[in-house]
Amino acid sequence: MNPLILIIEDEQAQAQILQYNLEAEGYRVKYAPTADEGLLLAQEYKPDLILLDWMLPDMSGIEVCRQIKTKPDTKSIPVIMLTARGTEDDKVRGLGVGADDYVVKPHSIKELIARIGANLRKSGVGNKELSYADITMNTETHRVNRDGHNIKLGPTEFRLLKTFLKRPQKVWSRSALLDHVWGTDIYVDDRTVDVHIGRLRRALNAHSKKDLIRTIRSAGYALDEED
Ligand code: CA
């Protein structure tokens with residue numbers, strides 16, 4: 001199942017934008033508009049991560065964080081605090097309430113999603129995400145993203161990219177790629193590899209000028225930022 005994220009945020013419009021974007025990334029989302037409800041949902045659903053607004057009508061985000069981090073069954077859930085620019089972010093750092101990370105509002109969705117991914121990886125959740133340079137792949141939802149653009153790939157190109165992402169910069173011979181992507185019991189011509197590499201390259205470069213697939217003459221291919 002995809003990671004579950006709990007949003008505790010009283011500004012409904014902001015919460016909706018967050019929810020929409022997180023669901024588009026393949027996350028499941030629960031939403032609480034108050035601290036009380038947030039604490040209840042945290043207890044009930046044990047989300048994989050909590051996005052917590054600093055300013056809530058019934059309790060400060062700091063206090064909510066403190067409560068989450070003192071209860072044995074919720075204390076290991078990563079908490080990202082959403083703070084307004086100014087002194088709040090300094091306080092999050094200074095108070096030591098146990099928040100795992102904080103993001104200053106107004107934040108870019110892209111930045112927030114990157115932080116969520118990083119915090120989930122740190123806590124051992126969300127290892128379904130592979131990334132290299134500006135490419136990310138969710139191996140569970142099969143979503144591929146390059147620099148904010150959704151990339152559509154055929155099944156073979158998806159497996160090719162997945163193979164590359166698992167070992168960035170490794171040079172793969174055509175026969176090694178055939179073994180990994182097509183399997184050893186299927187006979188496929190070496191040139192088939194070139195055809196699918198070509199398709200993958202076009203899909204990845206649709207919105208980007210930088211070609212990340214390096215062709216190594218007489219050796220094969222690598223996913224590599226360096227030319
Ligand atoms: Ca608020």
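Lys-110 is exposed, with a relative accessible area of 56%; here exposed means over 50% relative accessible area, buried under 20%, and partly exposed in between, for a 1.4 Å probe and protein chains only. The structure is a predicted model, in which local features need pLDDT of at least 70 and side-chain atom pairs count only at pLDDT 80 or more, while totals for chains, interfaces and linings use all residues. Residues are numbered from 1 along each chain as its sequence is written, and side-chain values use heavy atoms, with hydrogens and water left out.

Side chains of opposite charge can pair when their charged atoms come close. Lys-110 takes part in such a pair: a salt bridge joins this residue to Asp-147, with 3.6 Å between the closest N and O atoms. The two residues belong to distant parts of the chain, 37 residues apart, since Lys-110 is in helix 5 (residues 109-122) and Asp-147 is in the loop between strand 8 (143-146) and strand 9 (149-151). Helices (H or I, at least four residues) and strands (E, at least two) are DSSP runs, numbered from the N terminus. Asp-147 counts as partly exposed, at 42% relative accessibility.

A search of the whole structure finds 12 salt bridges, a salt bridge being a side-chain nitrogen of Lys or Arg within 4 Å of a carboxyl oxygen of Asp or Glu. One of them pairs Asp-134 with Arg-146, whose closest N and O atoms are 2.9 Å apart. Asp-134 lies in the loop between strand 6 (129-132) and strand 7 (135-138) and Arg-146 in strand 8, so this pair ties together parts that are 12 residues apart in sequence. Arg-146 is buried, at 3% relative accessibility, whereas Asp-134 is partly exposed, at 28%.

Another salt bridge brings together the side chains of Asp-224 and Arg-214, at 3.2 Å from N to O. Arg-214 is in strand 10 (residues 213-216), and Asp-224 is in the segment after strand 11 (220-223). In this pair Asp-224 is buried, at 6% relative accessibility, and Arg-214 is partly exposed, at 28%. Elsewhere, a network of salt bridges links Asp-101, Glu-111 and Arg-115.

The model also contains a calcium ion, whose protein donors are Asp-10 (OD), Glu-11 (OE), Asp-53 (OD) and Met-55 (O), at 2.1 to 2.6 Å. Donors are N, O and S atoms within 2.8 Å of the metal (3.2 Å for Na, K and Ca); water is not among the atoms, so sites may look incomplete.
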